[in-house]
Amino acid sequence: MEMQLAAVLGSLALGGALIVLFFGKWWQPLADADKRVKELDDAVEALLQLRADLLKQLEGAPEPEQPRAWLRRVQDAQDEVASIKARHDAGQLYVIRLLQYFLTTGPVEGLAEKQLKIVRAIQEQGVALLEAALATPQAPPPLLLQPEELELPPGTGSTRAYLNDALRFLGDCDAALGVWGTGGVGKTTLLKQVRDVCRRVAPFFDHVFLVAASRDCTVADLQSEVVAVLGLREAPTEQAQAAGILSFLRDKSFLLLLDGVWERPDLERVGIPQPFGVVAGRVRKVIVSSRSEAVCADMGCRNKIKMECMNEEDAWSLFEANAGEEAIRGNTQISTLARQVAAECKGLPLFLTTTGRAMSNKHNTADEWGDALDKLKKSQLTSSTPGLDKSTQALVKFCLDNLESDTVRECLLACALWPEDHNISRDELVQCWIGLGLLPNHDDVDEALRFGHTVVSVLELSRLLEQGDNHRYNMCPSDTHVRLHDVVRDAALQLAPGKWLVRAGVGLREPPRDEALWRDAQRVSLMHNVIEEAPAKAGGALSDAQPASLMLQCNRALPRKMIQAIQHFAKLTYLDLEDTGILDTFPMEICCLVNLEFLNLSKNRVLALPMELGNLSQLKYLHLRDNYYIQITIPPGLISRLGKLQVLELFTASIVSVADDYIAPVIDDLETSGARMPSLGIWLDNTRDVQRLARLAPGVRARSIHLRKLDGARSLELLSAEHAAELGGVQEGLRELVVYSADIEEILADAHAPRLEVVKFGFLTRLRVMEWSHGAASNLREVALGACHSLTHMTWVQHLPCLELLNLSGCNGMTRLIGGVADGGSAADELLTFPRLRLLALLGLPKLEAIRSDGGECSFPELRRLQVRGCSRLRCIPMRPVASGQGKVRVEGDKHWWNGLQWASDDVKSCFVPVLL
């Protein structure tokens, strides 16, 4: 009996355990379903309340189509939710719910989660509709100054009336203003003036940003501009980017300056909050510039400003100021001819300036002026470019012809290879000119670079190139970038020698299919597109092409078929494939291009160079900068086969390592062949290899070096004067240095390194001492440190007169940026000035408590961008108020940190424009 009882109890226990196991395992999804249905029910309640609010707002008014469609979606969603709830409530018994879970094709939890996303999306649309309904024509806050009271720099007199009208718009009830007129009349200049003075007149705008909406621009192009200008983070998809922009701007007042619009863009898809106007106390306005009045009207601009060509006297004043007043006024005959030349400029500020500058370089004889007038009058050029008449093209040609040399002319024309309104880096532009062979040959690469930058300056002085914007530094305009006016670009493409195929930055998803476009094209630029397809027909179009230069950079998913198609371009001398999504395997098709002189494969994921690359016997410039991997395996003997190679850039700041000792074959080749290498960028593992390179100088000049491990060295010998005898050959020419993952404990930089401009140190966890002498640091422009946890301060950077960028991240031991006298710093009562610092990034410094440990003031006359994240103890920015006319500093950080900052005065706080993420 006892045994039977024990057996029964055992069976019950086992059954209970199985029940607990079974029901415990399957109870969680059912509990999750309860939770999800409750969330869905709450969301619908909120949606219905939103519907009631919207209907109340629309009561008595004609119901537009958009709200009607939204109301239908609300009803559909309500019906679907009721169905889901019915299914959920019908199975309250656990067994029934389990059967539902296993036997139905759509478990309640999954249906509820999917519907919840739909309801939330409908709710977001409803919020926008309610804001639109609430947006009644009401005036924003009053202007701080009347436009007429504003003091402006000399030279703005001719546009003052237009500027006053644009500024008055900021204080009226209208949401959109159109500015239209012919190309070159000054629309972009006007928008830039509004951007620069807006906060002095209308301080209620949180953000004022100018975005170029050039011809053929896409939603993604506009998003990239907005993200760059506002300092936001990039997102992987168009939808995600729109959500990020919308989230950032939704609760802010902003003025959008949309320049050069050819057709109405979908600003809602971009992520710009709608509608414009005064919405819930927030002011949202847009100023649109276009060559077409109809486009302005299509953008919803009730009020429009037509910019007319300048009247005769204003035009003459502008022309005379650029051509040289003294020489003109001193000779009656020249003065008469000069007025006639000015009249040929049709009152367009762009050409009054450029033509005046062209004539300023003459010897100022009457014959020269007469000859110039004859050329302008007799020009009969035709133009097929929309919006470009023959007189405009004639003026551009006249300015081109009057440049000082063919070299300068060809360099200007090459600027048209970039997209319309693109901000071109001066460094990138000069590199391109060198690769195309437009600049004279120089034995010293630095001399070639200096000559190229001189050409840029000449073109800026001619006013044919304008200063561009540098969004990284938040500098508008900037001395690091240039821009080609769209009118000049249109004419340059017509005047270019030979045939060019330029479809840069127009949103292409595949290369042009028309064979006629490719046939006989000498230069081809398809850069900054989204080319992802290369169908067979495109291969056919490319089959007869024989360009000398091909620019495909910044097509981030370039198809392999496209690269395969270009292997037949036997005449190709210039190929740019930077940032084209090349993964691991080197494209062997390139090895067939035996006439290639310039090859750029930077910003890709190349693992190894093939020996077949040695077929490119004419190759002079090989750029593999910023490769994803540190090491690129190079076979022995390859470099010696590339006998004409002048520039080899294998330099990268990456830390992704896949191989060891890859560099030995390169140095072996350089030693045995005796080859010259005026510019070498390379990664090294030990000081011995640095010494080997130093012995090859000056024939081999290492401009960029990336050091790692360093065999357990405790100090950085490369920057030490004590080791000048064995390392001086590298020290003299070094421009850029990266050191990471080493056991270095101190850096005492006292070597003579006159060209050193960039230093970056990472994962030097034992580094405690860092000191720099003036000789080693006098030209440093960029300093970056990451994960150097033993450093407590960076006092030495206060002695860098050329410092433009300072980036400190993940240094857990840093307590102050600049120490006091005991640390080699200045006295507390001494103003500390960083004369050229433009970007300061303080990221992940948990112990950082002060910029200056002694509490003294700092002056940052050129600072434009401040990034602060993960510095919770930093409570004060000891900055002296900026001088009048200095641009505001964009500060990027989190709201909690910003709201807790302590300010010396409201004047200091007003120096900053917060971008809170």
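I'll start with a salt bridge: the side chains of Asp469 and Arg195 meet at 3.8 Å, N to O. The term covers a side-chain nitrogen of Lys or Arg within 4 Å of a carboxyl oxygen of Asp or Glu. The pair links distant parts of the chain, 274 residues apart, with Asp469 in the loop between β8 (465-467) and β9 (481-484) and Arg195 in helix α6 (residues 187-201). Helices (H or I, at least four residues) and strands (E, at least two) are DSSP runs, numbered from the N terminus.

Before going on, the basis. This is a predicted model, where local features need pLDDT of at least 70, side-chain atom pairs count only at pLDDT 80 or more, and totals for chains, interfaces and linings use all residues. Residues are numbered from 1 along each chain as its sequence is written, and side-chain values use heavy atoms, with hydrogens and water left out.

Back to Arg195. Are Asp469 and Arg195 buried or exposed? Both are buried, which means under 20% relative accessible area; exposed is over 50% and partly exposed is in between, with a 1.4 Å probe and protein chains only. For Arg195 the value is 14%. Arg195 also meets Asp196 in a salt bridge, at 3.3 Å, N to O. Asp196 is partly exposed, at 49% relative accessibility.

In total the structure holds 54 salt bridges. Another one joins Arg426 and Glu460, with the closest N and O atoms 3.0 Å apart. Arg426 lies in helix α18 (residues 426-436) and Glu460 in helix α19 (residues 445-461), so this pair ties together parts that are 34 residues apart in sequence. Arg426 is buried at 12%, and Glu460 is buried at 15%. There is also a network of salt bridges, which links Arg625, Asp626, Glu649, Arg735, Glu736, Glu757, Arg781, Glu804 and Arg836.

Next, the nonpolar cores. A core here is a set of buried Ala, Val, Leu, Ile, Met, Phe, Trp, Tyr and Cys residues joined through side-chain atoms within 4.5 Å. The largest has 126 residues, and those with the most contacts inside it are Leu737, Phe761, Trp772 and Met794. What does Trp772 touch? Leaving aside residues up to four places away in sequence, Trp772 touches Leu719, Ile747, Ala749, Leu756, Val759, Phe761, Ala777, Leu780 and Trp796; contact means heavy atoms within 4.5 Å. Apart from this core lies another of 99 residues, among them Ile305, Ala372, Leu417 and Leu484.

Now the rings. Rings of Phe, Tyr and Trp (its six-membered ring) pair if their centres lie within 6.5 Å; planes under 30 degrees apart count as stacked, over 60 as edge-to-face and the rest as tilted. That rule gives 12 aromatic pairs. In one of them, the centres of Phe834 and Phe860 are 5.3 Å apart and the planes are at 10 degrees, so the pair is stacked. Both Phe834 and Phe860 are buried. Trp898 and Trp903 form an edge-to-face pair, 5.3 Å centre to centre with 65 degrees between the planes. Trp898 is buried, at 9%. Ring pairs also link Phe209, Phe254 and Phe276 into a cluster.

Last, the cysteines. How many disulfides are there? The count is 0, taking a disulfide as a pair of cysteine sulfur atoms within 2.5 Å. For Cys432, the nearest cysteine sulfur is that of Cys415, 8.5 Å away. Cys432 is buried, at 2%, while Cys217 is partly exposed, at 23%.
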